[in-house]
Amino acid sequence: MTLPYPGYSWSFNHHMGRVNPREVFSLLEAAYRFRQYPNYRNLVNQALVSEGIFTPNIRSDSGQVDAWRDYQQILPELGLIYSTRYIKQPQLTPIGLMYIDGTIGYSELFSTQILGYQYPNGHKTDISPAVKSELLQAGMNISVNRTELDANSGILIKPGVLILQVLVELNRQGNSPTLDTRECLLALVPTKNHSEWQEAYSRLIQLRQGKIASQADSRRLRDVQEWFQFLGQSDFVIKEGNRISLSPTALEEIEQLQAILEFHANPATFWIPTGSKVYNTFYLQIYLSIFNQNFSTISVKKRILKIAN
């Protein structure tokens with residue numbers, strides 16, 4: 001398996017496995033309710049605990065309740081709020097507001113965001129010590145941030161779109177449209193951009209035929225597992241253990257789904273970073289505006305995929 005660069009992975013928030021409709025709604029609603037208060041963190045924590053959404057979760061370092069600190073990370077990751085790393089007070093994105101006011105449902109929310117989540121990513125800026133070590137061992141210079149590293153390595157990929165495209169192709173070729181985490185890691189993760197999706201499909205077939213032998217790195221496998229959790233919240237797939245399959249709804253409207261995937265694979269629908277400017281709030285907002293452009297096509301996807309609130 002040749003990766004775009006040593007240590008490359010579809011890094012994703014490791015709280016995804018705990019995501020559910022009640023918690024996502026409560027986090028967003030509390031963030032919106034207390035958005036104008038300077039002490040919003042304390043107010044959000046009190047609300048989440050008193051309403052029984054989360055346990056008090058007393059932090060050992062501060063001795064204070066801080067459920068918000070532990071769980072809010074998933075919200076900017078999904079494009080539902082602007083990151084409080086860049087904006088002092090919590091601010092919901094358009095699609096975050098649409099969810100709490102009932103305009104869209106939970107699975108529809110995830111179906112929409114899966115199509116827009118990309119690498120390079122405005123929220124994935126840190127290069128972990130493990131990746132730095134792998135880069136140095138390979139004799140490579142370490143970039144300013146992960147976003148710049150991805151861009152300089154020619155990465156322009158939406159993993160959700162790639163996974164769905166491979167599942168659609170499996171179905172078109174008369175195979176069962178299913179994929180497990182190890183297959184995804186070894187066959188799909190090395191893909192740099194959507195023009196290479198057929199190569200990813202070929203690697204998958206070779207892997208299943210025993211022509212590719214490779215170990216699945218545990219760190220990268222964990223990221224793929226989180227991606228499968230993400231996909232499992234949508235209307236596109238059914239998740240069973242470490243395996244996903246196209247849902248009956250997706251199979252019923254397979255041609256329309258193919259058209260949607262082709263649209264979101266177009267480079268024109270991506271956010272393209274410009275060097276270190278990814279740290280600038282203005283450029284982060286550009287990233288989120290493109291990530292959230294999907295909400296304008298929700299009615300189309302709702303009609304095509306028969307998504308019900």
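Two rings of Phe, Tyr or Trp count as an aromatic pair if their centres lie within 6.5 Å. In this predicted model, that rule gives 15 aromatic pairs.

Let's look at two of them. A pair of aromatic rings is described by the distance of the centres and the angle of the planes, and the table lists both.

| Pair | Centre to centre | Angle between planes | Kind |
|---|---|---|---|
| Tyr 99 and Tyr 106 | 6.3 Å | 50° | tilted |
| Tyr 117 and Trp 227 | 5.3 Å | 85° | edge-to-face |

Why is the pair of Tyr 117 and Trp 227 called edge-to-face? Planes over 60 degrees apart get that name, and these two planes are at 85°. This pair also ties together parts of the chain that are 110 residues apart in sequence, because Tyr 117 lies in the loop between helix 6 and helix 7 while Trp 227 belongs to helix 12 (residues 218-232).

Arg 35 lies over the face of Tyr 32, 3.9 Å from the ring centre. Over at Phe 270, the charged end of Lys 158 sits above the ring, at 4.4 Å from its centre.

Now for the backbone. Most residues other than glycine have a negative phi, and most peptide bonds are trans. Here, the bond from Tyr 119 to Pro 120 is cis, with omega near 0°. Gly 52, which follows helix 2, has a positive phi, near 75°.

Which residues of helix 2 (residues 40-50) are buried? They are Tyr 40, Leu 43, Val 44, Asn 45, Ala 47 and Leu 48.

Finally, the whole chain. It has 16 helices and 5 strands, and 54% of its 309 residues count as buried. The accessible surface comes to about 13600 Å², with 49% of that belonging to carbon and sulfur atoms. Among contacts with a separation of 6 or more, 73% come from residues 24 or more positions apart.

Methods: Residues are numbered from 1 along each chain as its sequence is written. This is a predicted model: local features need pLDDT of at least 70, side-chain atom pairs count only at pLDDT 80 or more; totals for chains, interfaces and linings use all residues. Side-chain values use heavy atoms; hydrogens and water are left out. Buried means under 20% relative accessible area, exposed over 50%, partly exposed in between (1.4 Å probe, protein chains only). Helices (H or I, at least four residues) and strands (E, at least two) are DSSP runs, numbered from the N terminus. Rings of Phe, Tyr and Trp (its six-membered ring) pair if their centres lie within 6.5 Å; planes under 30 degrees apart count as stacked, over 60 as edge-to-face and the rest as tilted. A charge sits over a ring if NZ of Lys or CZ of Arg is within 6 Å of the ring centre and within 35 degrees of the ring normal. Contact means heavy atoms within 4.5 Å. Accessible areas come from the Shrake-Rupley method with a 1.4 Å probe; for residues, only the protein chains shown count as cover.
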